[in-house]
Amino acid sequence: KAKESGRNRFELYTAKLDYQSEVVTLENHLRKAIERNELHVYYQPIVNMKTKKIEVIEALLRWNQSNIGFVSPVQFIPLAEETGLIVPITKWLLEQTCIHIKAIHSFAPHMKVGVNISAVHFQQDDFVEQVSHIVKANNVHPRFFKFELTESTIMPNAEESVQKLVQLKQYGFKLAIDDFGTGFSSLSYLHRFPIDVLKIDQSFIRRLSLYSDDATIVSTIIMMAHNLHLAVVAEGVETEQQYAFLKAQRCDFAQGYYISKPMPFNELQSFIQEWDGYIK
Ligand code: C2E
Ligand code: CA
Ligand code: CA
Ligand code: CA
């Protein structure tokens, strides 16, 4: 019996080693991903439900790894956060989006770009200096950037967060709360943060049907957000029914497969131009 448990322990041990070496390999690959041009920025349109125009595009990372293939951000963002690689990656992404948004402004002069910010990055002392430096060096006005932060990013150090958000606002950056409704906070604290936009998490939209509790939750979030003078984005809008419900509830913006999946930069221009005048 002792022998058997000994073997089990050994198996566990090797399994753990394998797992760790896999993580290390992935980490080493991720370290080199930027210089190897394996990272790409995809963009997903966000539509103003009143004007039907695309006003914002959200930047979403894609990692196309030569020997493994496509790796989802759900898999590599946590690793990038643990290893601190998220900082150089986000700086690289910001530079890319500067180049891209300038090109887009030649045919859509008011387009804004949404960029996801990780907690580990936001909590660095010089975060505000870092991002304002990059957009300035690339000659893009901060008002064309909307930073998306989750409740769990800003809540742990609420006082410090308020200061940083105020500084970002003074530069002209737009601010959004991402994945709203999945954290532990309530709308009541939001007035303390100088944010512009609330993005309702897609889990609420997915379960949306006129007769479910989620419909009540969604319409309540929209109403309260409007009372706090925040614009509302619904994420993960996949069907005409969801879109119609959100429009009836006076939701301001919609994002999701019903409009478009995220796409590479080179497909964006024709998509935006074909969309103009096209009414959902
Ligand atoms: P997120 O910020 O909540 O982004 C929305 C995710 O929902 C994206 O997944 C998008 O492709 C997906 N999505 C959009 N519309 C629909 C829809 O109608 N149906 C469904 N089923 N999904 C939809 P993606 O691109 O896989 O990104 C996943 C997450 O990875 C993002 O969630 C974000 O948290 C993180 N992420 C992606 N890019 C970055 C980045 O540059 N920096 C950081 N820190 N995180 C990022
Ligand atoms: Ca986001
Ligand atoms: Ca989200
Ligand atoms: Ca998310």
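Strands (E, at least two residues) and helices (H or I, at least four) are DSSP runs here, numbered from the N terminus. With that in hand, β2 supplies the largest share of the shell around ligand 1, at four residues. Please keep in mind that this is a predicted model, in which local features need pLDDT of at least 70 and side-chain atom pairs count only at pLDDT 80 or more, while totals for chains, interfaces and linings use all residues. Residues are numbered from 1 along each chain as its sequence is written, chains are lettered from A and ligands numbered from 1 in the order in which they are written, and side-chain values use heavy atoms, with hydrogens and water left out.

**The shell around ligand 1**
- Among the 21 residues around ligand 1 (a heavy atom within 4 Å), R62, S118, Q202, E238 and Y257 come nearest.
- Two or more residues each come from β2 (54-65), α2 (73-83) and β6 (174-180).

- The side chain of S118 places an N or O atom 2.9 Å from a nitrogen atom of ligand 1.
- For Q44, a polar side-chain atom is 3.0 Å from a nitrogen atom of the ligand.
- N116 has a polar side-chain atom 3.1 Å from an oxygen atom of ligand 1.

**Calcium ions**
- D179 (OD) and D179 (OD) coordinate the calcium ion (ligand 4) at 2.7 to 3.1 Å; donors are N, O and S atoms within 2.8 Å of the metal (3.2 Å for Na, K and Ca), and sites may look incomplete because water is not among the atoms.
- D179 belongs to strand β6.
- A distance of 5.9 Å separates the calcium ion (ligand 4) from the calcium ion (ligand 2).

Notes
Polar contact = N/O pair within 3.5 Å; in protein donor to acceptor, adjacent residues only side chain to side chain.
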